[in-house]
Amino acid sequence: MVNSYYYDGNQYIPRSASDGNNGFIMASAASSAIMGTIMPLCGKPFERQLAKEHSQNQLYRDAFLKAPQVSGLDKKGVKIVPMELSGTINDYSIGKNASYSPKEKLVRINTNKISIAGFHELGHAWNDIKGKAGKFLSKLRWPGRIAAGWMGTIALFSTPKPKEAPRSKFDWVKDNCGKIAFACMLPTVFEEGLASYQGVKIARKTGLAEPLIKNMKKLYKKALLTYIGHAAATGLAVGAANMIMQKFTRPKKVENDFFNLFS
């Protein structure tokens with residue numbers, strides 16, 4: 001017979017270990033399903049347009065290659081690394097990705113395919129070196145992601161207390177871990193948006209034609225959607241995992257009806 005206990009005049013029955021295991025499996029599956037659905041959905045528009053931009057790369061390449069000098073970032077040590085010359089096969093060399101490394105002050109990109117994306121990476125460099133708000137947001141990116149990961153771990157903890165029990169600070173964090181995880185991802189979203197804004201400003205300084213600037217903005221908005229989707233998916237995945245774990249591990253309240261009085 002399962003031992004019960006009383007709290008605030010109500011009777012509760014602790015959940016079994018099998019309930020906790022089932023909850024963990026379902027919570028993990030739900031989180032994976034949410035991340036696996038929302039992130040590709042938000043990322044595909046950007047990926048499709050970036051692939052289309054390969055055909056008109058020459059319209060952006062010359063402006064991009066002179067952008068460090070025009071913006072003054074070259075004087076701060078920022079350099080462009082043409083990954084098509086690297087001799088390796090990866091997302092950078094085939095033109096599926098680009099990045100800026102703050103430590104090395106290098107922009108890695110295939111300049112023969114996606115120079116349009118390079119201005120955004122120079123925007124990251126500007127945030128890191130010259131922008132006060134951008135630098136602050138940059139420093140919050142990794143701590144925010146780590147904190148969001150911790151929220152995911154907390155969501156998978158069991159919930160041994162009844163709803164009516166006094167709430168501790170940890171209980172408050174667990175109850176709101178989905179919202180907190182979403183908030184922790186916001187510095188990344190804001191810094192990405194600011195990088196695109198600075199990237200467009202740099203592109204204008206190079207004399208890039210306005211129709212090309214307009215097309216660049218369209219691409220960058222789709223890129224920002226991927227980060228918004230990542231933040232939203234993270235919050236929803238953590239929140240869903242927490243709800244499922246609470247459902248499976250929170251003690252059951254025994255209704256004291258007529259028949260229970262004589263059991």
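**Entry 1: E164**

I began with E164, which is partly exposed because its relative accessible area is 37%, on a scale where buried means under 20%, exposed over 50% and partly exposed in between, computed with a 1.4 Å probe on protein chains only. The model is a predicted one, in which local features need pLDDT of at least 70 and side-chain atom pairs count only at pLDDT 80 or more, while totals for chains, interfaces and linings use all residues. I number residues from 1 along each chain as its sequence is written, and side-chain values use heavy atoms, with hydrogens and water left out.

I placed E164 in the loop between α4 (132–155) and α5 (169–175), where helices (H or I, at least four residues) and strands (E, at least two) are DSSP runs numbered from the N terminus. From E164 I looked across to K201, which is 37 residues away in sequence and 55 Å away in space, C-alpha to C-alpha.

**Entry 2: α3 against α2**

Next I turned to helix packing, where two packed helices are described by the angle between their axes and the distance between the axes. For α2 and α3 I noted axes that come within 8 Å and cross at roughly 15°; the axes are lines fitted to C-alpha atoms, for helices over the stretch in contact, with angles running from 0 to 180 degrees between N-to-C directions. That angle makes α2 roughly parallel to α3, as angles under 35 degrees count as roughly parallel, over 145 as roughly antiparallel, 65 to 115 as roughly perpendicular and the rest as oblique. The crossing of α2 and α3 is right-handed, a term used if the near helix is turned clockwise from the far one by less than a right angle, with anticlockwise counting as left-handed.

I listed the residues of this packing, taking contact to mean heavy atoms within 4.5 Å: Y60, R61, A63, F64, A67, P68 and S71 of α2 meet S115, I116, G118, F119, L122 and W126 of α3.

**Entry 3: the aromatic pair between these helices**

I then looked for aromatic pairs, for which the rings of Phe, Tyr and Trp (its six-membered ring) must have centres within 6.5 Å, with planes under 30 degrees apart counted as stacked, over 60 as edge-to-face and the rest as tilted. The count by this rule is two aromatic pairs. In one of them, the ring centres of F64 and F119 are 5.6 Å apart and the planes stand at 70°, so the pair is edge-to-face. This pair links distant parts of the chain, with F64 in helix α2 (residues 58–71) and F119 in helix α3 (residues 115–129), 55 residues apart. F64 counts as buried because its relative accessibility is 0%, and F119 counts as buried because its relative accessibility is 0%.

Which residues does Q49 touch, not counting residues up to four places away in sequence? Q49 touches N215, K218, L219 and K222; Q49 itself lies in helix α1 (residues 17–52) and is buried, at a relative accessible area of 6%.

For α3 and α4 I noted axes that come within 6 Å and cross at roughly 100°, which makes α3 roughly perpendicular to α4. The contact is made by H124, N127 and D128 of α3 and by G134, K135, S138 and R141 of α4.

I129 lies in helix α3 and is partly exposed, with a relative accessible area of 22%. Leaving out residues up to four places away in sequence, I129 touches L73, K76, V78, Y100 and K105.

I went on to K105, which sits in the loop between β4 (99–101) and β5 (106–109) and has a phi near 60°, a positive value in a residue other than glycine. Most residues other than glycine have a negative phi. K105 counts as partly exposed at 29% relative accessibility.

Last, I looked at R108 in strand β5, which counts as partly exposed at 23% relative accessibility. Residues up to four places away in sequence aside, R108 touches V81, M83, Y92, N97, A98, S99 and S101.
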